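Work through these exercises with the structure open beside you. Try each task before you read its solution.

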Amino acid sequence: MPDRAEKEEILHKNKKRAKALAVDQKSLEKDLKWYGMAKPYIDQYAPQDPFLTVAWLMILVLITTYFKSVLGFVHGYLSGKLGMLCCVDIRNIFFQKLLGYEVNRFSQSGVSDAMSRFTGDIGSLSNGISLFYGKLVREPLKMFACLAGAIFISWQLFLCTCIFAPIALVLIVWMAKTLKRVARNSMAEMVSMFSQISESFRSIRVVKSFNREDFELEKFNKTNLACYRRGMKTTKYGSLSAPMTECLGMSVMVMAVLLGAWLVINQETSIFGIRMCSQPLDLGTLILFYGFLIGASDPVRRLSDFFLQMQGAAAAADRVYDMIDQEIALTDPENPVEIHPFDKKIVFQNVSYSYPKYANLNQMVNKITFWSLFAFLRKKKEAPKEVLPEMQIVLKKIDLEIAFGETIAIVGPSGGGKSTLLNLIPRFYDPSGGSITFDSIPYKDLRMKDLRDQIGLVTQEPVLFDDTVFENIRYGVPDASREAVIEAAKKAYAHDFIVNKLEKGYETSVGPGGGLLSGGQRQRIALARALLKNPRILLLDEATSQIDLQSEQYIHEALEKFVGSRTTVIVTHRLSAIRLADRIVVVQEGEIESIGTHEELLEKSPFYASLWQVKENDKHH
């Protein structure tokens, strides 16, 4: 016979069972009520035959699958299109920003850095935008729907099963920061590789002439291995994300199974004194709770992967917006002064110019942290406090007047500041001190377009574009007629070789950088381009220093007929070009040593006298 304690235990279990049966009875009665309301409609429209019922269900499954597939295609297409359109807009903004930089910006930071950001980084950013809209819209909806169902069943039990959520959040945030840092360093390493490749190919003649192919290959291998090591760090941390998410997700499910099983098996409503539900859960309700958790686990896993994958795009966004967010040093005034055709004088008054010795462009910008992908959510931090860079002084205390119609030659040793002085005239950069005026108007009060419309420039390295001769000549005057282009070519002594030596004449393509033409041909086409513009101010920066004597003679004959009716500034070492000048300016170590005519400078400028003596000796030999 059972004793009293055993009887009480049996009685307690029977009460629990009776209570559970009562709960089941109420649930069944409630379901029966709904079934009773729905039955007439089901009997009216649903097939009565069992096989037809199965057939209709399968058709419904098929239709919903097709509908889901169509919506998935539309969603993927639209998110991809959005990413590509954002990429187009960002490229336009980025390119416009690059065009607005000072001309010496790329010599300081390197073209490879800008190209790396322009191609690879913007591509990564575009993929990130597509990913952002591809998953961030869909997955959270699925997750929130399943979590809402689990919370509806028992929010207390749901909170208990989420005990590992804070750990997962901390680990994901740590992983994201690490991945972003590693991705940024990897992108910077790629810039070094692009720079080295560009330098090697640009200097291929020197490399081959000195038999340094093995050296260049070894140097590239080192850079390539450094990129590999950076990439492996990204791979390592990226590979950790899936196992980490899976382990944490499984921990949540194990916790849910244990807690739920305890409540159902023992027909309890609380755990450790914490109330989980108002009534004991039945097995069906618990299975539904598990189903909701399982349904939410896949979107949670996808979102965690998405969050980590987005760090590469965020690092790319940092690098792209580093350049976009910089303030352009050269800007037009808010209320520009209208300039009439230049006809008086250019005045340099106590002008100086210097620039910081930055190691690279990243030291020139504020460090920006992106808390999200988009510009309106970015928050700019204060720039890190760093030691001010050393300043490279190029020009100091320049006082010079250039009258309209006057031809000025600037001579001096290499690195003395001649080209910098010339480049201040079209405002390629602003002086660090002093002022420059055009017809008594400070040139910072003029629109740069109005100023440069009156200036023609021919540089030491003639810049031609991969287009026809005709389009290259009229590059500065895109609406010029064919007759005007031919006339400019004749003035530059370029017409004869264009017609007689080029296969298609003016329609001949010059190739990238004008590589299909000789140096003298390129220089005369560049001169024709400047003459077609008919500028009030003509600037020649060592325009004949790297061409043959015949081409130089042609160019000087063209200049003799052209310079008298406009202001001309010539940076040169060639005596034939110096003879065109009304005055000669000797620049040494950033300062004007002497100004005068040829005869005057032979007497008062030791440097000019020695330069002339060397040239004379070379001529006699």
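Buried means under 20% relative accessible area, exposed means over 50%, and partly exposed lies in between. The model used here is predicted.

**Exercise 1. The whole chain**

Find what share of the residues in the chain is buried, and how many helices and strands there are.

Solution. 
- Step 1: Apply the burial cut-off to the chain. Of its 621 residues, 40% are buried.
- Step 2: Count the elements. The chain holds 20 helices and 14 strands.
- Step 3: Turn to contacts between residues at least 6 apart in sequence. Of these, 79% join residues at least 24 apart.

**Exercise 2. Two packed helices**

Describe how helix α14 packs against helix α16.

Solution. 
- Step 1: Know what to report. Two packed helices are described by the angle between their axes and the distance between the axes.
- Step 2: Locate the pair. Helix α14 covers residues 482-491, and helix α16 covers residues 519-533.
- Step 3: Give the two values. The angle is about 120°, and the axes are 8 Å apart.
- Step 4: Classify the angle. Roughly perpendicular ends at 115 degrees and roughly antiparallel starts over 145, so an angle between these limits is oblique. That makes α14 oblique to α16.
- Step 5: The crossing of α14 past α16 is right-handed.
- Step 6: List the residues in contact. From α14 come Ala484, Val485, Ala488, Ala489 and Lys491. From α16 come Ala528, Leu531 and Leu532.
- Step 7: Sort them by type. The contact of α14 with α16 has 7 nonpolar residues, no polar ones and 1 charged.

**Exercise 3. A closer look at α16**

Compare the span of α16 with its expected span, then decide how covered the helix is.

Solution. 
- Step 1: Take the length. α16 has 15 residues.
- Step 2: Compare the spans. From first C-alpha to last, α16 reaches 22 Å, close to the 21 Å expected at 1.5 Å a residue.
- Step 3: Check burial. α16 is mostly covered, with 13 of its 15 residues buried.
- Step 4: Look just past the end. Asparagine 534 follows α16, and its phi is positive, near 50°.

**Exercise 4. Positive phi**

Lysine 397 and aspartate 439 each have a positive phi. Where does each lie, and is each buried or exposed?

Solution. 
- Step 1: Start with lysine 397. Its phi is near 55°, and the residue is not a glycine. Lysine 397 sits in strand β6, residues 391-403.
- Step 2: Lysine 397 has a relative accessible area of 62%, so it is exposed.
- Step 3: Move to aspartate 439. Its phi is near 50°, again in a residue other than glycine. Aspartate 439 lies in the loop between β8 (433-438) and β9 (441-442).
- Step 4: Aspartate 439 has a relative accessible area of 15%, so it is buried.

**Exercise 5. Partners along the chain**

Solution.

How values were computed: Residues numbered from 1 in each chain as written. Predicted model: local features only at pLDDT ≥ 70, side-chain atom pairs only at ≥ 80, totals over all residues. Heavy atoms only, no water. Axes fitted to C-alpha atoms, helices over the stretch in contact; angles between N-to-C directions. Helix = DSSP H or I, 4+ residues; strand = E, 2+ residues; numbered from the N terminus. Parallel < 35°, antiparallel > 145°, perpendicular 65-115°, else oblique. Left-handed = near helix turned anticlockwise from the far one by under 90°. Contact = heavy atoms within 4.5 Å. Nonpolar A, V, L, I, M, F, W, Y, C, P; charged D, E, K, R; others polar. Buried < 20%, exposed > 50% of the residue type's maximum accessible area, 1.4 Å probe, protein only. Expected span 1.5 Å × (residues − 1).
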